[in-house]
Structure formats: C-alpha cells, structure tokens
Amino acid sequence: RAWLPPEVWRAIGSRHTLVSGTGLLVDTVAAEVQRAAARHGGTLRRTTETPDQAPADLVLALTATLPGRRPPAAGPGVDLAALGALGPEGYVVARHGAATVLLADAPAGLLYGLFHLVRLGETAFSGAAAFSGAAAPDSAAAFGPPRVFRPAMARRMLDHWDNVDVHPVMGQVERGYSGGSIFWRDGAPAAGRSRITAYARLLAACGINAVSVNNVNVHATEARLLTDRLDDVADLADLLRPYGIRVHLAVTFAAPVVLGGLPTADPHDPAVRHWWAQTTRRVYARLPDFGGYLVKADSEGQPGPFSYGRDHADGANLLADALAPEGGVVHWRAFVYNHRQDWRDRRTDRARAAYDHFAPLDGRFRDNVIVQVKHGPVDFQTREPVSPVVAAMPGTRLAVELQVTQEYTGQQKHVCHLAPWWSEILRFAPWGADGRTVADVAADGGGLVAVSNVGDDPFWTGHPLAQANLYAFGRLAWDPRLDPSALLDEWIDLTFDPARSADPQLLRRTLHEIMDDSWRTYERYTAPLGVGFMVRPGHHYGPDVDGYEYTAWGTYHFADRDGVGVDRTRATGTGFTGQYPSPWSEVYESLDRCPDELLLFFHHVPYHHVLHSGRTVAQHIYDTHFDGVAEVAAMCRRWERLAGLVDPALHARVTERLAEQLRCAREWCDQVNAYFHRKSGVPDAQGRPLH
Ligand code: GCU
C-alpha cells in the first residue's frame, strides 16, 4: 500500500527485455523485470556477457558488457565516451533503433535507471518526451539525445529513531506516528522480513541508499547492537543490500564504558582508542559494507566528550580514526545545546548553540567525519531560517538533516506536505542569490539525511498522504532542483495509477489541491511568523501557547501585553543574526528587511507593528488562523469527492485523519487567537469571536 503497485510496471512488464551484466543489484533488476513480465505478459532474457542482437524492446546493460562500450542492436550508437563516466549510481537512457536502452557503469545505476523507466511508464517506449521527468524538462518531440542521470548527493540517508526495546516514554519508535518499528519489536528483530525487503524497494525507487537502523538516543539494549547484537544488524543489512542500501548504526559515545568495561570514554585515552579500533574491526569483519556510525553526543543528556574536557572534534575524530581503515564515516550531529537553560536568563539563546559549539572547530575534523546539521537552528519547526552552521564550516563535510517524521508538523494526523518547505531550504543561498545553495553544501559534503516517518502501519506512514513526504525526500536528495509539484505528480502516478482511475483528472487535481499548499496551511493555524513551538510539552501535538515559556528548553516567544517575538539582533538582542554571512546577516538584523514569515524568529515587535503584507502582527495572527481552519475544512470537502476513486480503506483512513486535523486546527485557532487577544486587547478588525 505505497508506491510501486504491480500495475505501474505495465509498460515494462508487457515488453521483451534483455538484462546484461552480473552483480547482486543486477540480479535485483532482473528479478523486478521478471516479476513484472510474469504479470503483464512480457519476457526477460538475461545474459552475463555481451548482449546478443536478438530483438528486444528494452535493453538494460552494464557498460562493461558492451564491446567498445557500445550498445547492441543496429541504429545510431550511444557515444558513451562523449557522455563520460556514469559513476557508481548514474545511468543513461536512450532510444536506440526500436529499443529503449538503459546503460550504467555499475549495478546500482541499472537499479536507479529501472525505477526511472517505471516513472516514465509508456513514455519510455513511445518516444515522446521520454526525458521530460521533472528533473530535466525536454520538449523534444522525439526521444531526444541520450541523457545521463547522476545523483547530486552521494549519500541519501534515512535515520530511523527506532528503539529495539520499547522505551517507557518514547515507545518503540521515538517520534514515530506509524505504529511500531519495522526493524524491531519488544527487544528483538521484527518478524516481517518481507516487509523490510518491500521497504528497501520503496526506498531504492525514490533514491535512498543509506539507513541508520536505531535511535540517536542510544539506550542500554540498543548500545549492544555494536557488539554482541551485531548479528541483528547484519541480518537487516542482508535484507537492505539487494536494493543498494547500506546500514549505519547509532552508537553511544559511552560505549567503551558501558560495553567495554573501561573506566573512561575519554577520546585521548589510548585504551579507549584501542577499544573503538578493535570493536570497529569486528563490525567490518562481520559486515564489510557497513556504512558507519551516527552519534548524538553531549545533547539532551547523551554522553559525549565534554565529560572529559574534550570538544566535539576530539570526540568525532576518535570514531573517525577507528572507521577510516575500513572506509566508514561518522555522522556527528551538531544538535548540541543547553537543555537546562534558566528561562529567566534572556541572554542565552538556543538558536546560537550549534554555531557556537561547532563553527570554531572548522578544519579540525577528519575527512571521514560528517557533521550533521539540522536544517534550522532550533528544532524542525514549521518555519525556521536555515541554520547558520551551513555557511560557517567551509573546511568540514556537512550533511543537512530534515525531519520527515512530522513531530512538529501534525504527527501524521495532519496533511502537511513538506516537499515545498524542503525545496525552499535546499535552494536557499546563504551567501546571497549568486552564491552556493544549501543543496550545494550538502552535495559537496555529506549529503542529505532525514528522520524516517515509517512504521509497521498498513499504510507505512500512518497518514497515507504522508508517504509523499518520504518519496519526495529521496527524490530531492537525488536531485534538489526537482519541482515539488512535479514530484507530487510522480508520487500520484506511482501510487494511484491514475490512468486506470475512473476520473484521473479529478484524482490528480484533488490531491494537488489538498497537498500542494498544506504545509503553509499548517503554518497558518499554528505558531505565527516563525516564532515556533507553542506545542504541548513532551509529545508536541496540539496547541499550548505558553507550554514551553517558563521551562528549561530554550524555546520561548516572550509574548507580553505589548508585543511578541525573540530579539536575536546584534543591536539589542542575542546577536544570533551575526552568525550569518552577508547579506542575510543584515537582512535578518533589519526590522524592515526581515521576511514576514521569520519576523518573530528574529525580532520582538509590538502587536501593532505593520508587516510587509500591510497587516498588523495582531491582525495577521487572527486572519491566518481563521484562514488555516477554513482551508482544512475545504480539504475535508475535497477529499469526499474521491470516495470510490481510491482504495476504500485508504479513503476511510484519510477521512478519519482529516476530521482530527480539523478539530485540532480549530483548537489551535481558538487558543492562539484567544491568547493574543487577551494579552494585547487588540480586537479583530472583522469582529470575529476571539474568546
Ligand atoms: C527533538 C526530539 C527528540 C529527539 C531530538 C534529536 O528534540 O523531540 O525526540 O531526540 O530532537 O534530534 O536528537
């Protein structure tokens, strides 16, 4: 019940296909084609050497099997030399004589190319605009010249916050809203092996090639995955490997103490270094293609180098040195801040923390350290500026971390299609319009990472429409220039097979109407103008305007009778704006130039402050909250139109979630509006009830 139902394989499955090459992933490609052919009446021929000249509609070949790297069959050759190396995951698609030809230098390229052809469907064979994927619009009427596709990011990774044991507070999956873990259950590996294979296939189809299989908060049982429970990890790796996915492991920095029995985990202690080297050697002896470690250190109570008077470069390099001989990497998270802040102290600013800790360390990290930075400076809010760390560490490999699981964006009860938000983030240019983008920094560094939203729910993601977020994440990591709306079309085509629907246009239009702007809708009825939080403490669902206001977590809005917002300016506030390079440093500092949607993230303003939109802050809050609720009501009405056009169980599930979204949106609207009305005394210009 996700993308890739058997029907979408019709175009490939009804053809005569030749697969040539050897390797585990070539076997996977052949098995996929075989399965499709069995269902749709086509055939598969398999050769390990030079493809023969017998006719085929589709040729999938490793270039090594081609004499002179030339594709088989008559007709104009694809000049591979001119196309250059395809790389470990790249591929070229061409129309060649009567056949469609997919070539790759390495097996993974064939796999990604196969899924490209699935996306194209009949177009892959009809010759019309075959390359007009969202990636590269090509209006050529004919099939056009051969085009090479290579991923922008070498590593496209999902972090599962899955616990092996059920955690007393966080459950099986921390911040999971889709049932239990697909990897673990009650302290043991989960039973559904075929489900893990199905998952690997879904991930490969959207381009993901790495998965970290346990929570970044590493508890006692999970710590042991590194040592005596390594077999469990190896079993998972066996299931994910045929789809080109490498396994990574979240480890505790205290492992030498809690697992090795050493008195210290001090990165400068030779016995500690030796323990990590030995342990890592054993991991690779069991799992030669292991990806590496993921570490949350000195953050929210996790152990780290600070206990020993060392810094994060010392800590990360310790693990990097153990991994380097084996070719592994360490993802070291920059999500470090003081979670025991005194709320009375107005100078400490959580937004500053990652930069203050990490920017001074630039240049000190080993080459196989990837500093993994949350996209925003605080914590996956509905709206935040891009983290200044992204622009602050030119001498360090950075990965950017997104949150597909909807912790702060409706917990998969609300429709909140995040691709437009991620696209904005990835296209953001920290050094100004002509400079490099966030996507460029990630592509040159450690790639893109996201916290997974998947569980053992029949729809995988709790809310069936939240599948589109997972799909879009993978595709944006492959190519950050992809258009979010076109990606939604891809997902619709691969999931609902609209061509077979009774009313394809209504189906597509309705899904776009509901989903395209749903992130902004969510923003409208929740915390206003980038101020963030206002969620119920602990579980983070639903409104509680002051829920975090007088707590230690550093997430405050400072609303009083006169105004609201966090003064992060250099002139009068915490100085956070100074962490950005020009021009953003000046733009965010300036009350006039700061974008409306981030105003309260950077400035404390009176309620009568007039936004660029022409409305006052108070009126903006009232209007957007009423609008947000009205938009959710419209979503509910639109969804009703799809009854009978989609699977009834899916329809029922979304209907039920939309009802909850509407209830919750009203609650947000009522509480936020009442709160600001009572604080400010400002009436609504339209006289609507504010309670
Ligand atoms: C958030 C989230 C935690 C998580 C943390 C992290 O604070 O609420 O559950 O552990 O992010 O990213 O490490």
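## Domains

Domain bounds here come from an automatic or database domain assignment. The centres of domain 2 and domain 3, taken over C-alpha atoms, are 29 Å apart. Contact between them involves 24 residues of domain 2 and 22 residues of domain 3 (two residues are in contact if their C-beta atoms, placed from the backbone, lie within 7 Å). On the domain 2 side, nine of these residues are nonpolar, nine polar and six charged. Ala, Val, Leu, Ile, Met, Phe, Trp, Tyr, Cys and Pro count as nonpolar; Asp, Glu, Lys and Arg as charged; the others, Gly among them, as polar.

Domain 1 spans 6-149, domain 2 spans 156-340 + 349-496, and domain 3 spans 522-566 + 604-680.

## Model and numbering

This is a predicted model: local features need pLDDT of at least 70, side-chain atom pairs count only at pLDDT 80 or more, and totals for chains, interfaces and linings use all residues. Residues are numbered from 1 along each chain as its sequence is written.

## Nonpolar core

The largest nonpolar core holds 212 residues, and L110 and V330 touch the most other members. Such a core is a set of buried Ala, Val, Leu, Ile, Met, Phe, Trp, Tyr and Cys residues joined through C-beta atoms within 7 Å. Buried means 20 or more other C-beta atoms within 10 Å of a residue's own, all placed from the backbone.

Beyond its neighbours within four places in sequence, V330 has contacts that include Y293, L319 and I370.

Conventions. Buried ≥ 20, exposed ≤ 12 C-beta atoms within 10 Å, placed from the backbone.
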